Amino acid sequence: MKQKILIVDDDVNIAELISLYLTKECFETKIVNDGEEALAAYQQFDPNLILLDLMLPGIDGYQVCREIRTRSNVPIIMLSAKGEIFDKVLGLELGADDYIMKPFDSKEMVARVKAVLRRYQPAKPAAPALSSKIVEYPGLTVNLSNYSVEYNGQMLDMPPKELELLYFLAASPNQVFTREQLLDNIWGYEYIGDTRTVDVHIKRLREKIRDTSHWNIATVWGIGYKFLVK
């Protein structure tokens, strides 16, 4: 089945151009032009990924992202002509998976869509035990096979890249990784972004998972981060 992309942009020409390029890549697309339509279309269309413009009439893209994140971890790529670091960081903190500046190159846009979809792997049927990718610590289980996190006996909702970042660190306890290494391993070499992305995702992880007497996500000043096991 074709993967479905929901395009949310009040500029009809840009939305149709995006749709044209994605359709050529064998995606199924749906275009909506404002925030209210986006929330309704999300429920009806059930997309695999959302391309979301920030400057929308009525409900803006930030609010749409915030609302969808209360219901789902569907990948979201924000589109914006605003290039300030604050805007990018805010979008990432609200749960966006990537941020593309307008005007953008069509090939780059398609590549980013494909890259985010590759990183987002929905839960698959149970695999043989030997292929499971699970790390366990007191009060924490991160399962990369079915993209689940159990923390203090409760399942956490966690976007794919946050989970992948947590798993990557926890799978190599006490090993220090630079921000550049984390970008390369989690976001991939094709990702065009800055190291602040890593800091934002670490901040979101710490908001959901508190330090314990057994382990914590530690900052190694001037270098990067590690999963410290005591």
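Let's start with Glu-25. Glu-25 has a relative accessible area of 35%, so it counts as partly exposed. Keep in mind that this is a predicted model. What does Glu-25 pair with? Lys-114 forms a salt bridge with Glu-25. The closest N and O atoms are 2.7 Å apart. Lys-114 is partly exposed too, because its relative accessibility is 31%.

Now look at where the two partners sit. Lys-114 is in helix H5, residues 106-119. Glu-25 is in the loop between H1 and strand S2 (28-32). The partners are 89 residues apart, so to speak, distant parts of the chain that the pair links.

Staying with H1 for a moment. This helix covers residues 12-24, and Tyr-21 lies in it. Tyr-21 counts as partly exposed, at 31% relative accessibility.

Next, the interior. In soluble globular proteins, nonpolar side chains tend to be buried together. Here, the largest nonpolar core has 27 residues. Among those with the most contacts inside this core are Leu-140, Val-142, Leu-165 and Phe-227. Several elements supply at least two residues each, including strand S7 (140-143), helix H7 (179-187) and strand S12 (224-229). Which element gives the largest share? H6 does, with six residues.

Take Val-142 as one example from this core. Beyond its neighbours within four places in sequence, Val-142 is in contact with Ile-134, Val-149, Leu-163, Leu-166 and Tyr-167, among others.

Is H6 enclosed or open? It is largely enclosed by the rest of the structure, because 10 of its 11 residues are buried. The buried ones include Leu-163, Leu-165, Leu-166 and Leu-169.

Lys-208 lies in helix H8 and Glu-162 in helix H6, so the pair ties together parts that are 46 residues apart in sequence. Lys-208 itself counts as partly exposed, at 28% relative accessibility.

How many salt bridges does the structure hold? There are 12. Another one joins the side chains of Glu-67 and Arg-71, at 2.9 Å from N to O. Glu-67 counts as partly exposed at 27% relative accessibility. Arg-71 counts as partly exposed at 37%.

Is Arg-69 buried or exposed? Arg-69 counts as buried, because its relative accessibility is 15% and the cut-off for buried is under 20%. A polar contact of 3.0 Å joins its side chain to that of Asp-97. Leaving aside neighbours within four places in sequence, the contacts of Arg-69 also include Val-74, Pro-75, Ile-76, Leu-94 and Pro-159.

Methods: Residues are numbered from 1 along each chain as its sequence is written. This is a predicted model: local features need pLDDT of at least 70, side-chain atom pairs count only at pLDDT 80 or more; totals for chains, interfaces and linings use all residues. Side-chain values use heavy atoms; hydrogens and water are left out. A nonpolar core is a set of buried Ala, Val, Leu, Ile, Met, Phe, Trp, Tyr and Cys residues joined through side-chain atoms within 4.5 Å. Buried means under 20% relative accessible area, exposed over 50%, partly exposed in between (1.4 Å probe, protein chains only). Helices (H or I, at least four residues) and strands (E, at least two) are DSSP runs, numbered from the N terminus. Contact means heavy atoms within 4.5 Å. A polar contact is a pair of N or O atoms within 3.5 Å; within protein, one must be able to donate a hydrogen and the other to accept it, and residues adjacent in sequence count only if both atoms are side-chain atoms. A salt bridge is a side-chain nitrogen of Lys or Arg within 4 Å of a carboxyl oxygen of Asp or Glu.
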